[in-house]
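Let's take a quick tour of who pairs up with whom in this protein. Have a look at the sequence and the 3D view first, then read on.

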Amino acid sequence: MHEPASPGWLLVALCAATGAYCLLRMRSAVEEQRRAAGGEALMGFGMAAMAVPPAVFTPPTWAWPVYATVFGAAALRALWSARAGAHHLHHLMGAGAMVYMAAVMAAEPAHAHAHGGSGVPLLTGTLLAYFAGYVLLAGVRLLPAAGAGGSALAWGDRPEVARACRLSMGIGMLAMLLAM
């Protein structure tokens with residue numbers, strides 16, 4: 001999260017665009033899609049805020065516990081929702097990763113992040129492995145949908161675009177974990 005400015009801004013743009021698209025998906029007629037899109041919008045905008053280069057804006061020390069609390073609540077909601085379907089476990093992993101990154105940022109001064117190596121190596125490695133696997137799987141799942149013909153679905157209801165949105169957030173999460 002504390003990398004040179006250009007990659008940082010690219011990550012901010014990717015995450016913010018993903019969050020904005022997820023806000024559009026919240027207008028869907030399908031209730032489950034609206035709920036998932038709200039959590040994904042929160043994740044996208046939260047990742048964008050965390051990725052802002054520190055040369056431009058360094059959050060105050062109280063911001064990291066706030067991030068941890070917000071994403072901790074999102075993790076609890078995902079855990080509760082996992083009763084209805086295992087696909088919510090990915091939301092739990094994403095929110096948990098955000099809590100972990102916020103806790104690392106709160107525990108260490110900003111200058112410690114410039115050289116990497118922050119956090120618990122085993123936990124960071126586990127999260128990296130999970131999100132690398134998720135990105136690969138999401139990419140493979142996206143391939144058959146890319147060949148499908150056009151449909152009459154509204155832009156916010158198109159499943160292949162929602163999958164691409166999730167893929168981009170997974171890539172963003174990998175980049176943020178690597179930057180720790």
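How many salt bridges does a search of the whole structure find? The search turns up three salt bridges. Keep in mind that this is a predicted model. Here's the rundown, starting with the charged pairs and moving on to rings and the surface.

**Salt bridges**

- Side chains of opposite charge can pair when their charged atoms come close.
- Arginine 25 pairs with glutamate 40, and their closest N and O atoms are 2.5 Å apart. This pair links distant parts of the chain, with arginine 25 in helix α1 (residues 5-25) and glutamate 40 in helix α2, 15 residues apart.
- Both arginine 25 and glutamate 40 are buried; for glutamate 40, that's because its relative accessibility is 3%.
- Glutamate 40 also meets arginine 166 in a salt bridge, at 2.6 Å from N to O. Glutamate 40 sits in helix α2 and arginine 166 in helix α6 (residues 159-179), so this bridge ties together parts that are 126 residues apart in sequence.
- Salt bridges with shared partners join Arg25, Glu40 and Arg166 into one network.
- Arginine 166 counts as partly exposed because its relative accessible area is 25%.
- Arginine 35 and glutamate 31 form a salt bridge too, at 3.5 Å from N to O. They're four residues apart in helix α2, so about one helical turn separates them.
- Arginine 35 is partly exposed at 41% relative accessibility, and glutamate 31 is partly exposed at 47%.

**Aromatic rings**

- The whole structure has three aromatic pairs.
- One of them is tryptophan 64 with tyrosine 67, a tilted pair with 5.3 Å from centre to centre and 40° between the planes. These two are three residues apart in helix α3 (residues 63-81), so they're separated by about one helical turn. Both tryptophan 64 and tyrosine 67 are buried.
- Tyrosine 130 and phenylalanine 131 have ring centres 5.0 Å apart and planes at 85°, so they make an edge-to-face pair.
- Tyrosine 130 is partly exposed at 28% relative accessibility, while phenylalanine 131 is buried at 2%.
- Ring pairs link Tyr130, Phe131 and Tyr134 into a cluster.
- Arginine 83 lies over the face of tryptophan 80, at 3.7 Å from the ring centre.

**On the surface**

- Leu42, Trp62, Val66 and Val70 make up a nonpolar surface patch, with about 370 Å² of accessible area together.
- Leucine 42 is found in helix α2 (residues 31-51), and its 36% relative accessibility makes it partly exposed.

Methods: Residues are numbered from 1 along each chain as its sequence is written. This is a predicted model: local features need pLDDT of at least 70, side-chain atom pairs count only at pLDDT 80 or more; totals for chains, interfaces and linings use all residues. Side-chain values use heavy atoms; hydrogens and water are left out. Patches are made of residues with over 30% relative accessible area and no salt bridge: like charges are joined within 9 Å, nonpolar side chains (Val, Leu, Ile, Met, Phe, Trp, Tyr) within 5 Å. Accessible areas come from the Shrake-Rupley method with a 1.4 Å probe; for residues, only the protein chains shown count as cover. A salt bridge is a side-chain nitrogen of Lys or Arg within 4 Å of a carboxyl oxygen of Asp or Glu. Buried means under 20% relative accessible area, exposed over 50%, partly exposed in between (1.4 Å probe, protein chains only). Rings of Phe, Tyr and Trp (its six-membered ring) pair if their centres lie within 6.5 Å; planes under 30 degrees apart count as stacked, over 60 as edge-to-face and the rest as tilted. A charge sits over a ring if NZ of Lys or CZ of Arg is within 6 Å of the ring centre and within 35 degrees of the ring normal.
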